[in-house]
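Reader: I would like a close look at a single part of this structure, with its surroundings described carefully. Please take your time and connect the details as you go.

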Amino acid sequence: MSLIERVRERFARPPEPVRAALDADAEERALAWGERVDGGWTVATSRGLRVVPADPGEDAPLLAWHEIGTARWTAAGAGGTFEITPLVEVEPGVQARQAPQRHVLREAGGLPGVLRTRVDRTVVTSHRHPLPTGGGVLLVARRVPGQAAREWTVVFDDDADRDDPVARQVARDRLAAAVDADDPSR
């Protein structure tokens with residue numbers, strides 16, 4: 001991408017459907033967007049990743065940055081495919097991976113870089129620990145908008161381990177140790 005194209009992209013206004021979808025929240029602004037192959041837009045906003053459908057009457061759901069477990073980008077020409085794995089809280093302090101969402105983009109623009117930066121900024125630290133029953137658990141400290149304290153959560157590699165009392169105890173112990181050792185000044 002040439003310097004002129006990057007400057008043009010940086011100062012471009014979002015397409016009208018994207019602006020209309022964001023009008024409801026004066027605090028939310030579009031940072032980057034990509035045109036979807038199936039119509040509509042995938043938009044990185046100041047609050048998270050939003051899918052703006054081609055039909056202006058439909059909702060434009062938001063996935064907050066701290067609710068994205070992983071995001072993988074595969075480029076294909078000017079577009080490509082994002083595979084986003086959302087996280088959902090299944091009980092206090094425990095998150096589970098949801099089914100991956102695919103975003104196939106005709107034009108990606110600056111979306112891949114913005115998405116990566118925003119998700120990475122939420123993660124303060126993460127540690128993977130093995131479980132005695134096999135598999136493992138990921139402990140993650142994230143910055144959550146509107147919260148002063150970091151939010152520590154546990155994500156089991158295998159959802160079945162959440163029901164195993166031994167695995168749950170190991171995860172609790174590891175989480176307690178991580179929280180005790182946490183240095184909020186970082």
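**Strand 11 and its surroundings**

Author: In this predicted model, strand 7 (residues 94-97) and strand 11 run parallel and are joined by 2 bridges, and within this pairing Gln95 stands opposite Val155 in strand 11. Strand 11 also pairs with strand 10 (residues 136-142), here in the antiparallel sense and over 6 bridges, with Ala141 standing opposite Trp152 of strand 11. Of the 6 residues that make up strand 11 (residues 151-156), 5 are buried, so this strand is largely enclosed by the rest of the structure.

The loop between strand 10 and strand 11 is where Ala148 is found, and because its relative accessibility is 91%, where exposed means over 50%, Ala148 counts as exposed. Ala148 and Pro184 lie 36 residues apart in sequence, while the distance between them in space is 9.7 Å from C-alpha to C-alpha.

Another residue that can be described in detail is Arg36, which has its place in strand 1 (residues 30-36). Its relative accessibility is 10%, and because buried means under 20%, Arg36 counts as buried. The side chain of Arg36 is joined to the side chain of Thr42 by a polar contact of 2.9 Å. Leaving aside residues up to four places away in sequence, Arg36 touches Trp41, Thr42 and Val51, and also Arg102, His103, Val104, Leu105 and Arg106.

Terms used:
Residues are numbered from 1 along each chain as its sequence is written. This is a predicted model: local features need pLDDT of at least 70, side-chain atom pairs count only at pLDDT 80 or more; totals for chains, interfaces and linings use all residues. Side-chain values use heavy atoms; hydrogens and water are left out. Buried means under 20% relative accessible area, exposed over 50%, partly exposed in between (1.4 Å probe, protein chains only). Helices (H or I, at least four residues) and strands (E, at least two) are DSSP runs, numbered from the N terminus. Two strands pair if DSSP finds at least two bridges between them. A polar contact is a pair of N or O atoms within 3.5 Å; within protein, one must be able to donate a hydrogen and the other to accept it, and residues adjacent in sequence count only if both atoms are side-chain atoms. Contact means heavy atoms within 4.5 Å.
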